[in-house]
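Please look at the sequence and the model below before reading on. The paragraphs after them walk through selected parts of the structure.

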Amino acid sequence: MTTQELSAEIAAMGLTVPAEALPPLQAYLEMLTRWNRVMNLVGASTWQRALRTLVVDSIHLAAFVQQPQLALPAAPRCWDLGAGAGLPGLPLRMLWQNGTYWLVEAREKRALFMRTVLANNPLPGTQVHWGRAETFMPGAGQADLILSRAFMPWEKLLDFVAPHLAPAGTVVLLLNEPVSLPQNSPWIERARLLYHAGNATRCFVALTCNR
């Protein structure tokens with residue numbers, strides 16, 4: 001894979017990324033594909049498939065978190081719970097590098113993979129925590145932004161993270177379909193986005209807790 005091939009594949013998806021993000025994205029996809037052959041990190045077996053079905057989330061997310069509706073501080077404290085193989089977090093940080101970003105992952109091999117990626121391509125303010133979120137959050141202060149996909153059912157996740165969210169902090173859910181909040185929910189929707197990933201439609205929902 002060359003950066004030109006990667007750029008052309010992204011353009012074919014109807015998307016663009018800054019030129020300076022192409023080399024780290026290329027390195028990440030190459031490493032993901034190589035490690036995936038022996039470790040089964042993700043379902044995609046080629047870099048093209050990983051780009052179109054996985055990294056595409058990060059490209060959309062980089063624009064989503066910069067919306068004024070989210071009202072993030074200039075240097076937000078971000079947590080990515082259940083970070084897996086670094087998706088969406090590592091490609092996201094190649095496109096958006098504000099504040100600090102913790103990738104929290106309990107599975108050792110996936111945490112090792114993310115640390116290896118960062119050792120080869122350091123990203124500002126980006127670190128990996130190998131361990132459970134329950135042990136990470138109490139000592140990590142309060143988060144301005146928490147992201148999660150399939151870490152646990154979204155209703156349980158909101159209860160799980162609420163005590164650790166900064167005032168006016170935001171939770172972004174990465175979902176396969178839109179959700180609706182109960183009428184008596186303390187959570188308020190700030191923004192949402194429907195987009196295409198491969199042949200599927202996915203959704204981001206940004207929520208803040210009215211405490």
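The model is a predicted one. H3 is largely enclosed by the rest of the structure, because 14 of its 18 residues are buried.

Alanine 50 has its place in H3, and with a relative accessible area of 2% it falls under the 20% limit, so it counts as buried. In sequence, alanine 50 and tyrosine 28 are 22 residues apart, while in space their C-alpha atoms are 11 Å apart. Aspartate 57 also belongs to helix H3. Its relative accessible area is 0%, so aspartate 57 is buried. The side chain of aspartate 57 makes a polar contact, at 2.3 Å, with the side chain of arginine 149. Arginine 149 will come up again with the largest pocket.

The loop between H2 and H3 comes next. Threonine 46 is found in this loop. With a relative accessible area of 33%, threonine 46 is partly exposed. Its side chain reaches the backbone nitrogen of arginine 49 at 3.1 Å. Threonine 46 and alanine 140 are 94 residues apart along the chain, and their C-alpha atoms are separated by 36 Å.

Some points of the backbone deserve a separate look. Most residues other than glycine have a negative phi, and most peptide bonds are trans. Which value does phi take at asparagine 40? It is near 55 degrees, a positive value in a residue other than glycine. Asparagine 40 lies in the loop between helix H2 (22–39) and H3. Its relative accessible area is 55%, and a residue over 50% counts as exposed, so asparagine 40 is exposed. Alanine 71 is not a glycine either, yet it has a positive phi of about 50 degrees. Alanine 71 sits in the loop between H3 and E1, and it is exposed, with a relative accessible area of 51%. The peptide bond from leucine 87 to proline 88 is cis, with omega near 15 degrees. Proline 88 is placed in the loop between strand E1 (77–81) and helix H4 (89–95).

Arginine 115 lies in helix H5, residues 108–120, and its relative accessibility of 41% makes it partly exposed. Arginine 115 and tryptophan 130 are 15 residues apart along the chain, with 9.5 Å between their C-alpha atoms. Proline 153 is in the loop between E4 and helix H7 (154–161). It is partly exposed, with a relative accessible area of 47%. Between the C-alpha atoms of proline 153 and valine 172, which are 19 residues apart along the chain, the separation is 13 Å.

The last topic is the pockets. The largest pocket has a volume of about 410 Å³. How many residues line the largest pocket, and which lie nearest its centre? The lining has 23 residues, and those nearest the centre are Gly82, Gly84, Leu87, Arg149 and Ala150. Arg149 is the partner of aspartate 57 in the polar contact described above. Strand E4 (143–148) and strand E5 (165–175) each give at least two residues to the lining of the largest pocket. By type, the lining divides into twelve nonpolar, five polar and six charged residues.

The second largest pocket has a volume of about 150 Å³. Residues that line it include Gly82, Val104, Glu105, Arg132, Glu134 and Phe151. Strand E2 (100–105) and helix H6 (133–136) are the elements that give two or more residues to this lining. The lining of the second largest pocket divides into five nonpolar, two polar and four charged residues. Gly82 is named for the lining of the largest pocket and also lines the second largest pocket.

Conventions:
Residues numbered from 1 in each chain as written. Predicted model: local features only at pLDDT ≥ 70, side-chain atom pairs only at ≥ 80, totals over all residues. Heavy atoms only, no water. 1 Å grid on protein atoms, 1.4 Å probe; cavity = no way out; pocket = protein on both sides within 12 Å on 5 of 7 lines; lining within 4 Å. Points joined across faces, edges and corners; volume = space filled by probe spheres on them. Helix = DSSP H or I, 4+ residues; strand = E, 2+ residues; numbered from the N terminus. Nonpolar A, V, L, I, M, F, W, Y, C, P; charged D, E, K, R; others polar. Buried < 20%, exposed > 50% of the residue type's maximum accessible area, 1.4 Å probe, protein only. Polar contact = N/O pair within 3.5 Å; in protein donor to acceptor, adjacent residues only side chain to side chain.
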